Amino acid sequence: MFTVTTDDGTLYVADDEGERGQEGPFYVVYRTADRKRRWGYYCSNCESVDVAMDSMRRIRCNGCGNFTKPDEWDSAHE
């Protein structure tokens, strides 16, 4: 686990928990070191926490465009 500092304060990146992205993995970010308060994701490609998730659980970095594919896909969602 390592830390990143943002305007929200210190965040804790769990480099042993994540999702595979097209350009690099996304790691889970926690608000506390004890991993009780999940905060979001960290993009390892551009080292940013400016990451969003949509309703299909696709993760996308707003900084570099790194993304994950959805776990399940249904054409009815489009």
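These legends accompany a set of close-up views of one predicted model. Residues are numbered from 1 along each chain as its sequence is written, and side-chain values use heavy atoms, with hydrogens and water left out. Because this is a predicted model, local features need pLDDT of at least 70 and side-chain atom pairs count only at pLDDT 80 or more, while totals for chains, interfaces and linings use all residues.

**View 1**
Along the sequence the pattern reads β-β-β-β-β-β. Helices (H or I, at least four residues) and strands (E, at least two) are DSSP runs, numbered from the N terminus. Of the 78 residues in the chain, 28% are buried; buried means under 20% relative accessible area, exposed over 50%, and partly exposed in between, with a 1.4 Å probe and protein chains only. The chain exposes about 5300 Å², and carbon and sulfur atoms supply 39% of that area. Accessible areas come from the Shrake-Rupley method with a 1.4 Å probe, and for residues only the protein chains shown count as cover. Among contacts with a separation of 6 or more, 19% join residues 24 or more positions apart; contact means heavy atoms within 4.5 Å.

**View 1. Phe2 and Tyr42 form an aromatic pair.**
How many aromatic pairs does a search of the whole structure find? The search finds one. The ring centres of Phe2 and Tyr42 are 5.3 Å apart and their planes meet at 80 degrees, so the pair is edge-to-face. The rule pairs rings of Phe, Tyr and Trp (its six-membered ring) if their centres lie within 6.5 Å; planes under 30 degrees apart count as stacked, over 60 as edge-to-face and the rest as tilted. Phe2 belongs to strand 1 (residues 2–6) and Tyr42 to strand 4 (residues 38–43), so the pair ties together parts that are 40 residues apart in sequence.

**View 2. Nine residues make up the largest nonpolar core.**
Its members are Ala14, Phe26, Val28, Tyr30, Tyr41, Cys43, Val51, Ile59 and Cys61. A nonpolar core is a set of buried Ala, Val, Leu, Ile, Met, Phe, Trp, Tyr and Cys residues joined through side-chain atoms within 4.5 Å. Strand 3 (26–30), strand 4 and strand 6 (59–61) each supply at least two residues of this core, and strand 3 gives the most, with three. Apart from this core lies another of six residues, including Val4, Leu11, Tyr42 and Val49. Back in the nine-residue core, Val28 touches Tyr12, Val13, Ala14, Glu17, Arg38, Gly40 and Tyr41, leaving aside its neighbours within four places in sequence.

Cys46 is partly exposed, with a relative accessible area of 32%, while Cys61 is buried, at 2% relative accessibility. Ser48, in the loop between strand 4 and strand 5 (51–53), is buried, with a relative accessible area of 16%. Leaving aside neighbours within four places in sequence, Ser48 is in contact with Tyr41, Tyr42, Cys43 and Cys61.

**View 3. Asn66 is buried in the segment after strand 6.**
Its relative accessibility is 0%. A polar atom of the Asn66 side chain lies 3.1 Å from the backbone nitrogen of Gln22. Leaving aside neighbours within four places in sequence, Asn66 contacts residues including Gly21, Gln22, Glu23, Gly24 and Phe26, and the list also includes Cys43, Ile59 and Cys61. Gly65 is found in the segment after strand 6 as well, and is partly exposed at 27% relative accessibility.

**View 4. Thr10 sits in strand 2 (residues 9–19).**
Thr10 is partly exposed, at 37% relative accessibility. Leaving aside neighbours within four places in sequence, Thr10 is in contact with Thr3, Val4, Thr5 and Arg31. From C-alpha to C-alpha, Thr10 and Ala33 are 9.6 Å apart in space and 23 residues apart in sequence.

Technical notes. Polar contact = N/O pair within 3.5 Å; in protein donor to acceptor, adjacent residues only side chain to side chain.
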